Amino acid sequence: MAALTSVGETPAPAEAAGQRGMHGRRRRRLNIFRYVVFTLFGAFFLLPLLAMARFSLEGAKLGTWSVTAWKQIASYQGTGVPPLLSSIEITLELAVITCVVTLALLVPTMIWVRLRVQWLARPMEFLSLLPLTIPAIVLVVGLGPIYNRIQHYELSALMLFWVYVILALPFAYRALAAGLSAIDVETLSEAARSLGASWFTVMFRVIAPNMRQGILNALLLTWALVLGEFTIAFLLLYNNLQAELYSISRNTPNAGVIFSTSTAALLFAFVLLLILSYAGRRRRGRG
Amino acid sequence: MTSSPVTRTRGGAARTAVEVRLEDLSRHYGPVVALDHLDLTLQPGELIALLGPSGCGKTTTLRLLAGLEDADTGRITVGGRDITRLSAAKRDMGMVFQAYSLFPHMTVRQNVAFGLRLRKVGTAERDKRALEMLDLVGLSVQADRYPHQLSGGQQQRVALARALAIEPQVLLLDEPLSALDAKVRAQLRDEIRRIQLEVGITTLFVTHDQEEALAIADRVGVMREGRLEQLAPPTEVYSRPATSFVAEFVGLSNRLTGEVRGGEVIVRGCKLPLVEQDTPDGPVVALVRPEAVSLASRAPESGSGPLTGTVIAITFLGATSRVTVDLGDTRVMAQLPTSEASALTAGSRVVLAIRPDPVLVSADSDPAARPTVEDA
């Protein structure tokens, strides 16, 4: 019996060690695969950005370094276009207005629909996601007559915020919906109601603060969308940052200021992303 | 009577407990009748536990009282005031929910003070009252923590403190212990009762756990299909169930065939008194509690008799054990002291005895059609 037991048991540790070795090799192979994929994709995304940053630092002679293009951001004016700084200002203002309007429109509506008119949730989701399916050119064709009328009154490019709110709707909606689904809206609202809270208090002092991460994400996506939007502004003949950069590049090929401004806009978006992520993480840490 | 005992809160303010009256309340969800003309009165300072299976209407009753849903028909009065059409925010009721309902972005102190803030109580007074309430539930040291830093039991205690901080007229507890583990559950159950007695607030407690209901309540209301089957003190609900549903839902019952004869029921040779004295003579099924069944003696291997059988299972419950005995044509469950049950093993031959407690009988004369022993 003892012999049988020993015969039966002896291979087990060796087999286990073999399995551990196999798992170890597999894990190592997987890690290598991960690093390769990460490096390839990192390079794919990073190289154009680095190239853009390098071009922005190109001196007068090829291969030299200079910060002239960065200094020009504040003062550059291409031929036949307004100063670059004014389109930066317009774009930032547009981003702020679009973020405010989108959140002011979506946050209370989504909470209200969730709390009081749940049957509207599906139609609302459909409507909010609809702009994703409509190509920019179709939007422009549809919005053209309206903007022709607006341009007739010589209103500023800030009027683009109407269409930007529509464009931002699907992204902001998804971010806010994720934030909303992360909390038990019904129980929290009922608890607040039983303590004497009005519906306004429930929405803005109980539910909205708990959607903080969703709101920050919606804010970031909307901001990034406005900062990078070109097609609609260009086709509707408004001058935002991207349309201005395009105009400069057509009139002044290889102007370093195009690259410095684009790099600055990108860095600005990254910094904002970092700030929002940090704010969200800090909040999660606190509760 | 609309109000009576005046109790003193920790802050020193006098509180008058109020009577709560639900009259002819009905609620339908489409074709489903959730509440069917329910009448229920909570005496001032009383704790009533509503008990029943899922879908019996107990939570609907509580939600109608809280104002979180509207009744189709009926009237709700609190302290004589009709609040049927009043919104939840104006009903002055504290509520503890089954799900954790603390506001995640607020500290424990802010959560407890939330209702007071809405009532425009000054900061100093608000903080003082919040700390008093936290002290009442034994969590004042956790005042500056966030809900996610607390255990489930602690969160429910904070929810209780928050509900009581606004000094509501009525306290509503919607299965507040169901998400907790057994030990915390028993502790918090006792704590809720202690606080309810200390504060002296009229309370409606909804649960599907019979042990919880029997342990905590002044009166237990057993509900079924939107109606109250019985509303009585726990001992009465347990020992003198009004209907066979109550008998079967609350506690365990052996279903044994018998015959009513002259105001008594004869079950396997034992004469037992009836809960309902006016039961007509004839064959019946008697509902006998396991604790009414005792071990008379060990039986010889070949012994036989109406209450002689073979032990087939012994379940250890702590101080008592549940012994299942096969009597040949049926099985009987007996709840015995563990010291007595430990002498038995599966296969032991025993003779049982039935204590002459009043039993409820049902006309159903075919116990084989249903399980012999019903677990609540």
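Let me start with chain B, where four strands make an open, antiparallel sheet in the order 4-3-6-7. Strands here are DSSP E runs of at least two residues, helices are H or I runs of at least four, and both are numbered from the N terminus. Two strands count as paired when DSSP finds at least two bridges between them. The edges of the sheet are strand 4 (32-42) and strand 7 (81-82) of chain B, each pairing on one side only.

This is a predicted model, in which local features need pLDDT of at least 70 and side-chain atom pairs pLDDT 80 or more, while totals for chains, interfaces and linings use all residues. Residues are numbered from 1 along each chain as its sequence is written, and chains are lettered from A and ligands numbered from 1 in the order written.

Back to the sheet. Strand 3 (residues 20-29) and strand 6 (residues 73-78) of chain B run antiparallel and are joined by five bridges. Arg21(B) has Thr77(B) in strand 6 as its bridge partner.

Next, the two chains together. In chain B, 22 residues are in contact with 17 residues of chain A; contact means C-beta atoms, placed from the backbone, within 7 Å. Strand 8 (93-96) and helix 2 (108-118) of chain B each supply at least two residues of the side that touches chain A.

Last, chain A. Helix 7 (residues 161-181) of chain A bends by about 45 degrees at Leu169(A), and Pro170(A) follows within four residues. The bend is the angle between axes fitted to the seven residues ending at a residue and the seven starting there.

Technical notes
Two residues are in contact if their C-beta atoms, placed from the backbone, lie within 7 Å.
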